[in-house]
Amino acid sequence: MSAQARPAVSVHLLLSAGRGPQECAWALARLLRRLETDATRRNLETHRAETVPGDRPGTYRSVLIRMSGAGAEAFAASWTGTLCWQAPSPYRAGTGRKNWYVIARPCEVGTPRTTFAEADVDIVACRTGGPGGQHRNKASTAVRATHRPSGIVVVVDTERRFSLNRGIAMRLLRQRIEHGDEEAGRAAVTARWRIHDELVRGTPTRVERP
């Protein structure tokens, strides 16, 4: 029996010029092309998922690149950290600086959505107090619903019929799961924006030249 093919690994890497001068946006464009060429040699596919252009034509303040294929994670790791493009400034002939820095960090994109299925919910009838509680205690019409994958639990006793409380419990679980997914998505976007301020000049993990 032949082994089942594994799905291609996909990794996102965010390259940012941070708050550096326009030369850093120029350096990012050069480093990006170098990265893409290197990836092609290793039979990896690349796609520029998002780009933020710089002030000068052909430059970028940031680029989110997706890489896929066997060895994509190791390749991304080799390009992670402070990158340096070592070349004279194309804009300021008088400056002696030749090192232009860019930050590269892996990041999450499109956080997975939680699939809600009623089969994943445990329903238990229970008794609660409160107004009208005597009737509910005898009938056990309250519902305790547990969504096993997330561990979210809701208890509903607003109605005197078990079926109605069950329907409300399902709706509440779905809402809470959707809210949790939205919070996770916002956290991922915030983490990506923080990368722009992480650029540390000096002691680069990788130095590239024309």
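Biologist: In what order do the elements of the protein run from the N terminus on?

Modeller: This is a predicted model, in which local features need pLDDT of at least 70, side-chain atom pairs count only at pLDDT 80 or more, and totals for chains, interfaces and linings use all residues. Residues are numbered from 1 along each chain as its sequence is written, and side-chain values use heavy atoms, with hydrogens and water left out. Helices (H or I, at least four residues) and strands (E, at least two) are DSSP runs, numbered from the N terminus. The protein has four helices and nine strands, and the order is β-α-β-β-α-β-β-β-α-β-β-α-β.

Biologist: What percentage of the residues of the protein count as buried?

Modeller: Buried means under 20% relative accessible area, exposed over 50%, and partly exposed in between, with a 1.4 Å probe and protein chains only. The protein has 210 residues, and the share that counts as buried is 37%.

Biologist: Is Met67 buried or exposed?

Modeller: Met67 is found in strand E3 (residues 60-68). Because its relative accessible area is 0%, Met67 is buried.

Biologist: How far apart in space are Met67 and Val9, C-alpha to C-alpha?

Modeller: In sequence, Met67 and Val9 are 58 residues apart. In space, their C-alpha to C-alpha distance is 8.2 Å.

Biologist: In which strand is His12 found?

Modeller: His12 has a relative accessibility of 15% and therefore counts as buried. Leaving aside neighbours within four places in sequence, the contacts of His12 are Leu64, Ile65, Arg66, Arg105, Pro106, Cys107 and Val109. The strand that holds His12 covers residues 10-16 and is E1.

Biologist: Which residue stands opposite Val143 in E8?

Modeller: Two strands pair if DSSP finds at least two bridges between them. Strand E6 (residues 121-126) and strand E7 (residues 142-147) run antiparallel and are joined by six bridges, with Val143 in E7 as the bridge partner of Ala125. Five bridges join E7 to strand E8 (residues 152-156), also antiparallel. In E8, the residue opposite Val143 is Val156.

Biologist: Which residue in the turn between E7 and E8 has a positive phi?

Modeller: E7 and E8 form a hairpin with four residues between them. The phi is about 80°, and the residue is Gly151.

Biologist: How many residues apart are Arg34 and Glu208, whose side chains meet in a salt bridge?

Modeller: A salt bridge is a side-chain nitrogen of Lys or Arg within 4 Å of a carboxyl oxygen of Asp or Glu. For Arg34 and Glu208 the N to O distance is 2.7 Å. The pair links helix H1 with strand E9 (residues 206-208), distant parts of the chain, and the separation is 174 residues.

Biologist: Why are Arg41 and Asp38 separated by about one helical turn?

Modeller: The side chains of Arg41 and Asp38 meet in a salt bridge at 3.4 Å, N to O. Arg41 is exposed, with a relative accessible area of 60%, whereas Asp38 counts as buried at 7%. The separation is about one helical turn because, in helix H1, the two are apart by three residues.

Biologist: Which residues do salt bridges that share partners join into one network?

Modeller: Asp38 also meets Arg42 in a salt bridge, at 3.1 Å, N to O. The network consists of Arg34, Asp38, Arg41, Arg42, Arg206 and Glu208.

Conventions:
Contact = heavy atoms within 4.5 Å.
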